[in-house]
Amino acid sequence: MDINFIDLSAGSVILLFLIGFVGGLVSGFIGSGGAFVLTPAMMNMGATAIMAVASNMAHKFPKALVGAMKRHKFGQVDVKLGIVLGISAEAGVLYGAGIQEMIRESFGKAGSNLYVSSVFVVVLAIVGGYVLRDALRMMRSDNPDSEKKTKIAEWVQSVHIPGTMMYFKSIDAKISVLFTLPIGFATGMLAATIAVGGFIGVPAMMYILGVPGLIASATELVIAFIMGMGGTIKFAIAGYVDIRLAMIILAGSLFGVQLGAIGTTYVKPYAVKIVMGVIMMIALTSRLVVIPVYLSELGQIEPLSESTASLLKDLSFGLLIFALVTGATIVFKALIKGMREHREKMAAEHAVPGTFSPASSEDAHQLSPTGRLERVMLVTDGTEFSRGAVSQAIELARRCEAKLFAFSVMANPELGQESHELEKKTLSERLGKVREEAAAVGVDCEILIGHGSEAYVDIVDQADASNMDVVVMGRRDTNDLVRTMLGSTTAKVIGHGHANVLVVPRETRDGGKGILLPIDGSRYSEAAAVTALNMVKQCDAPLTIVSVALDERLKDDAHAHASQVQRAMAEAGVEANVDIRVGRPDEAITAAAAEHGAELIVMGSHGRTGLDRLLVGSVSERVIGHADCPVLVVKL
Amino acid sequence: MSLERKTAVKNTIIYGTISVVLYSLLYTYEEKILELSREGGWNFYVPMVIAFVFSIVHGNFTGQFWDMFGIKPKTTKK
């Protein structure tokens, strides 16, 4: 067959982009939507029906992929359920397309249209009516957050058929695949007929399997991805995919899908049902108004005049756009309202959402590295690796009479809010124990839990926002595995943050005494020297300056650097010993620390380059990885 | 500017630039791409690969774009 792709004008590109955006917004929120407007819109631009369907599918699956990935981050996607339903739905699509073809051959185009419209109206009236009723019931109930499981779902979850049971995290129960297979198949079959599979898939998950609304709508994106990809491959093999059209729509829809997905985190569960129910009811009306046109074409009723028929068709298309715009408006309003309420709530609870209490004006401190240690931030993940960090941070705060701030970062929620809450409770308890330990030695301690996919970002921002003087962190047992230091949260905090970082190995040697100051004549080691000087004054510990020459010829230089720092220390009233060594700097420094029995190494970091490999500086990095005592990394 | 915001701005610029380049390439090689698509058969991979690549690049761009303006998911920060 000769395939002609349409010419695209600037106007049609903008229109496709905008419809894509609105459709994306809705599908990011309810798991589907947009397709029913896009296909006729492309046909209006001159694309043939099959090409419009093919190109729509080619935009749908990448959109669903991005949406599913986004909502997976929020812990809303049951990937396993999505895949199981998606595969059976794909089979349903293929079977449904065959039936569709058969009807077209038997009853002609008008007959086929009538069949599709009738199925659409009946199915959407039943399902959409139920969804809307359920949404309104939830909205008016005393506890709008709770979703009641239907009797069918209770029964489905209670049936046990040996050899067919599969566990799904979203419902925390085993369900027989003998239920999921026909549901997926029926979803796919109806999707092939009425082109909006999500309107069946999401309610089926909610009311037959007992999946919560938010998770069902997010999981639908996985099903849409599988079905869309299968469909696109089929159409692409036949050569019908106009990838330009698909990518223009995608350009807009990805902006929308991200926003829609974000919106789900601010709304109550019934909001998804309201948007879905409302769209279904308006879309149903759109189909209802064209049924007389098909009936007249089939000669079942008095023939309609051409103008009436075209008016009804335009009205139908207008209603589809109205359905989509109404859905998008509800999503937008919910997003704006939700964000505003969240900010107001946060503002009422704290001065700045999610930060430690700020430094008061009386104990306003100078910036590190020249100032005293007054605000010590302990970062703990609750594992044994941060054990050393906890005791060091408490000891440091006690000796310097500083305030301790214990901080933990939680990953974004995994599927199922319960496990997330449980993790939060465990972390709170651990932090509470740290507070108790600190209180036992007279140290005042605040605790806080942060959230983020990248822990280091939250730690750095928290340390900056709360003006911390030093961040105390544990070190994974690296020994020779210095590579694992790289890219670790600790390395990234050192590289990206402004505060000094005290890196503490899991077990520090007992009875350490004194501070070791490795220097190399750079401004970084000068900054470290200033900090070491202040610490010695404050804590009265012996100080040893270590300067390492790579070979014998450079020994004089090393000596000159060390003497310079020693003189500066003496002028400030601090006596320091000098130790000149020859060899690899990192090995010489760790060996010196062990021989002198140092309790702390204070050294500079060459700062922020943005590249993980160069975040810390190779010598500092190796010393941090190998030292058996804590290392204070001083930032410029 | 917080590190979170800085990262979002940097990523928006990086992915946005790649996305613009990809769309320009699609526009420049429009004829060739459509010709290959039209042939169908094993050439089905052409639109598939394009769709996947665009979804990764443009998906990252749009995600970071909203992040940059502070439109982020709700967290349960204490």
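Q: A residue is buried if 20 or more other C-beta atoms, placed from the backbone, lie within 10 Å of its own, exposed if 12 or fewer, and partly exposed in between. What makes α3(A) mostly covered?

A: The model is predicted, and local features need pLDDT of at least 70, side-chain atom pairs count only at pLDDT 80 or more, and totals for chains, interfaces and linings use all residues. Residues are numbered from 1 along each chain as its sequence is written, while chains are lettered from A and ligands numbered from 1 in the order in which they are written. Of the 25 residues of α3(A), 22 are buried, and the helix is therefore mostly covered.

Q: How do you know that the span of α3(A) is close to what is expected?

A: The expected span is 1.5 Å times one less than the number of residues; α3(A), with 25 residues, reaches 36 Å from its first C-alpha to its last, close to the expected 36 Å. The helix is followed by A:Gly75, whose phi is positive, near 75°.

Q: Why does A:Tyr240 count as buried?

A: A:Tyr240, in the loop between α8 and α9 of chain A, has 26 C-beta neighbours inside 10 Å and therefore counts as buried.

Q: What makes β5 and β10 of chain A stand at the edges?

A: Strands (DSSP runs of E, at least two residues, as helices are runs of H or I, at least four) pair if DSSP finds at least two bridges between them. The open, mixed sheet of 10 strands runs β5-β4-β3-β6-β7-β12-β11-β8-β9-β10 in chain A, and β5 and β10 each have a single partner strand, so one side of each is left without a neighbour in the sheet.

Q: How do you know that β11 and β12 of chain A pair?

A: β11 (residues 600-604) and β12 (residues 631-634) of chain A share four bridges in the parallel sense, which meets the cut-off of at least two. A:Val602 stands opposite A:Leu632 in β12(A). On this sheet packs α14(A), touching β3, β4, β5 and β6 of chain A, with its direction at about 155° to that of β4(A).

Q: What makes up the side of chain A that touches chain B?

A: Residues are in contact if their C-beta atoms lie within 7 Å, and 41 residues of chain A are in contact with 34 of chain B. Among the elements that each supply at least two residues of this side are α3, α8 and α11 of chain A, while the largest share, 11 residues, comes from α9(A).

Notes
Two residues are in contact if their C-beta atoms, placed from the backbone, lie within 7 Å. Axes are lines fitted to C-alpha atoms, for helices over the stretch in contact, and angles run from 0 to 180 degrees between N-to-C directions.
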